[in-house]
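Me: I want to go through the labels on this model and see what each one rests on. Please set the values against the cut-offs as we go.

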Amino acid sequence: MLNSFYAWVAKWFIVLIGVGILFLGIIAYVWWHNHQIAKNAAALPKAQATINAAQANAGSAAVNTVGENQQKNANTDRTTTQVTNVYNSYPQAKVTLDPGFFDAFNRGICMYKSAANLPECVGLQQSNSK
Amino acid sequence: VESAPLPKANTVGELAIFGAAQTGQLDKANDRTADTITIYTNCEALLKNAAEQFAPKPWYDFWD
């Protein structure tokens, strides 16, 4: 009689422990799930702010690159001026070319897209059409 | 990038100067290409870095 009572108590004690563990598990899951939802909701504005900052940084980097490009262009123009002076320092630079060759040279250059809109090329095209 | 202006006079010097100026224009065009690639690469790297910052954390990372 007493043994069966102890067995009954032990059985229900184990059941209660199991239910308690299950209950704690459910509470932990609900907490974790809500935390994940809150974390995801907070992530969106944070992500937007991070992207905005990245875009601003990319923009300023692009401005710097364009600024450096202008500096490089100025350096190139300076080199061209120096080279021009060197070429002009030689007496042979004044040697005249055959006019037919010079005309063919200019017309050849004007055939390229990058030169087609030069005023000289436009002038040559107009003289052709007359 | 537009071509250098055509030679102003019918002389050897002007032709040579045109060649130099045209090479300068080529440099500018090449610089522009390099700069475009730089801008694009910077933009991509910054956005990639931003994306990594808000990538989902693992499920066991409770406290963040």
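Me: In which helix of chain B does Asp35(B) lie?

Reply: Asp35(B) lies in helix α1 of chain B. Keep in mind that this is a predicted model.

Me: What makes Asp35(B) count as buried?

Reply: Its relative accessibility is 8%. Buried means under 20%, so Asp35(B) counts as buried.

Me: Which residues is Asp35(B) in contact with, leaving aside its neighbours within four places in sequence?

Reply: Asp35(B) is in contact with Thr65(A), Asn69(A) and Lys72(A).

Me: Why is Thr36(B) called partly exposed?

Reply: Thr36(B), which also lies in helix α1 of chain B, has a relative accessible area of 49%. Exposed means over 50% and buried under 20%, so Thr36(B) falls in between and is partly exposed. A polar atom of its side chain lies 2.8 Å from the backbone oxygen of Arg32(B).

Me: And what makes Cys43(B) partly exposed?

Reply: The relative accessible area of Cys43(B) is 29%. That value is between the 20% and 50% cut-offs, so Cys43(B) is partly exposed.

Me: Is Asn10(B) buried or exposed?

Reply: Asn10(B) is buried, because its relative accessible area of 19% is under the 20% cut-off. Asn10(B) lies in the segment before α1 (12-53) of chain B. Not counting residues up to four places away in sequence, Asn10(B) touches Val95(A), Thr96(A), Leu97(A), Asp98(A), Pro99(A) and Phe102(A).

Me: What makes α2(A) and α4(A) roughly perpendicular?

Reply: Their axes cross at roughly 105° and come within 10 Å. The range for roughly perpendicular is 65 to 115 degrees, so the term applies to α2(A) and α4(A).

Me: Which residues of α2(A) and α4(A) meet?

Reply: On the α2(A) side they are Asp103(A), Asn106(A), Arg107(A) and Cys110(A). On the α4(A) side they are Cys121(A), Leu124(A), Ser127(A) and Asn128(A).

Me: How do you know that Cys110(A) and Cys121(A) form a disulfide?

Reply: The S to S distance between Cys110(A) and Cys121(A) is 1.9 Å. A disulfide needs cysteine sulfur atoms within 2.5 Å, so this pair qualifies. Cys110(A) lies in helix α2 (residues 99-110) and Cys121(A) in helix α4 (residues 119-129), so the pair ties together parts of chain A that are 11 residues apart in sequence. Both Cys110(A) and Cys121(A) are buried. The link of Cys110(A) and Cys121(A) is left-handed, with -80° about the S-S bond.

Me: How many disulfides does this rule give over all chains?

Reply: The count over all chains comes to one disulfide.

Me: How many helices and strands are there in chain A?

Reply: Chain A has four helices and zero strands, and its elements run α-α-α-α from the N terminus on. Of its 130 residues, 18% count as buried.

Technical notes:
Residues numbered from 1 in each chain as written. Chains lettered and ligands numbered in written order. Predicted model: local features only at pLDDT ≥ 70, side-chain atom pairs only at ≥ 80, totals over all residues. Heavy atoms only, no water. Helix = DSSP H or I, 4+ residues; strand = E, 2+ residues; numbered from the N terminus. Buried < 20%, exposed > 50% of the residue type's maximum accessible area, 1.4 Å probe, protein only. Contact = heavy atoms within 4.5 Å. Axes fitted to C-alpha atoms, helices over the stretch in contact; angles between N-to-C directions. Parallel < 35°, antiparallel > 145°, perpendicular 65-115°, else oblique. Polar contact = N/O pair within 3.5 Å; in protein donor to acceptor, adjacent residues only side chain to side chain.
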